[in-house]
Amino acid sequence: LAASGFWLIFHYIRPAPPSHITMATGSPGGAYQYFGEQYRHALAKYGIELTLAPTSGSVENLRRIKTEDDIDLAFIQAGIATEPDSEDLITLGSMYVEPLWILYTGKQDLTRLTELAKRRVAVGSAGSGTQLFALQMLGATGIPTDAPGLVPMDSRGSATALLEGKIDAAFLVAAPEAPVIQDLLKHPEVRILDLVHAEAYVRRFPHLASYRLPAGSLDLARPNPPKDIHLLASTAMLVAKSDLHPAIVSLLLQAAQEIHGGAGLFQHIGEFPTVRDRGLPLSPVAKRFYESGPPILQRYLPFWAANIVERVVIALLPLLAILLPLMRIAPGLYTWRMRSRIYRWYGELKFLEAELRANPDPNRASAWLEQLNRIEDQATRRKVPLSYANELYTLREHIQLIRQRVSALGSGTLEET
């Protein structure tokens, strides 16, 4: 029963982690795809296959992870997901800073969104966090969100159109490491809008933060930018289904520490991953990770070994809760079992003696002797532990005592004995 219970708990109540998971990323050339590739390589070292599902961005990512069973993870821009609408989701924390890059071409210095009112501006593709972000800010500035100059376009298309002069400006929300951002920031004709009212937008949208890009931080030789630039930024969250295996969550957080833990334009070393956005409940595994680091078994054992040991321990705990009380009564049960093998013959012996007292018929002496011989033969052949051999010999003495009385009855000398 204990072995069956252990097998049931080991295989079903605490199953092994899956060998394949799927992550919703973003458009080609974006930061989500860039970091998704790094997670894929990191998990492959532990035998976990990560499939990347390209999307248009955060809004589509949130929709897919909520509605599609085969999506386990997704990058989502902070401020988009909220707990009442996403009860089956958890966050693993904020992974990195996602600046809002408002890039434009031309020699005129732009410092306000109102200066984009009559220009052709790419605002991100439908279903992306960039478009949601851009339209929120433009609407708060007084620019109609259905203005004809606002063009829905993904990050790669926006970069191409901006360099070819088909648009005048583009909203892009991505980490500086994203390939499309790297290409645009290195181009001599592309400039960054210095948003002088950044702090005012932060007061309007609490999920945003104001950052300063120091002069020369992109290129000290030019320098680029030539002066300090004020930017708005959010953070990128790694969101998972609430039933994602805890071992996979722990593995993802360790990978995140390696991928996002370095210093960058907008973060210090070791600043990420962290917990900033509270839109979704924090994973219990992530909470323990941020408080005390990786699980102790994974610090000293390979992932597969740590997972097996953890499952064995979890499977044994409920069984021990049952077995420990049973072990206290086990000695008594064992003693009763061993003695019961001997006491059953005492019952036959007692019954024979009662017959002898009630009807001492000499004609039945031979049958009684035969019955006594059978009892003694069975008792002699019965195997018992040495610690109970004395009781077996005592039984044989009592058998001999009754045999003497039956023999005396058969010889007519019962009264004398």
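User: Which residues of helix H8 are buried?

Analyst: In this predicted model, the buried residues of H8 are Ala 247, Ile 248, Val 249, Ser 250, Leu 251, Leu 252, Leu 253, Gln 254, Ala 255, Ala 256, Ile 259 and His 260, where buried means under 20% relative accessible area, exposed over 50% and partly exposed in between, with a 1.4 Å probe and protein chains only. Because twelve of its 15 residues are buried, H8 is largely enclosed by the rest of the structure. Residues are numbered from 1 along each chain, and side-chain values use heavy atoms, without hydrogens or water. Local features need pLDDT of at least 70 and side-chain atom pairs 80 or more, whereas totals for chains, interfaces and linings use all residues.

User: What span should helix H8 have, and how far apart are its end C-alpha atoms?

Analyst: The expected span of a helix is 1.5 Å times one less than its number of residues. For H8 (residues 246-260) that gives 21 Å, and the end C-alpha atoms are 21 Å apart, which agrees. A helix here is a DSSP run of H or I of at least four residues, numbered from the N terminus.

User: Is Val 285 buried or exposed, and which residues does Val 285 contact beyond its sequence neighbours?

Analyst: Val 285, found in helix H9 (residues 284-292), counts as buried because its relative accessibility is 14%. Leaving aside neighbours within four places in sequence, Val 285 is in contact (heavy atoms within 4.5 Å) with Pro 246, Val 249, Ser 250 and Leu 253. The C-alpha atoms of Val 285 and Leu 92 are separated by 8.4 Å, although these residues lie 193 residues apart along the chain.

Note on methods: Helices (H or I, at least four residues) and strands (E, at least two) are DSSP runs, numbered from the N terminus.
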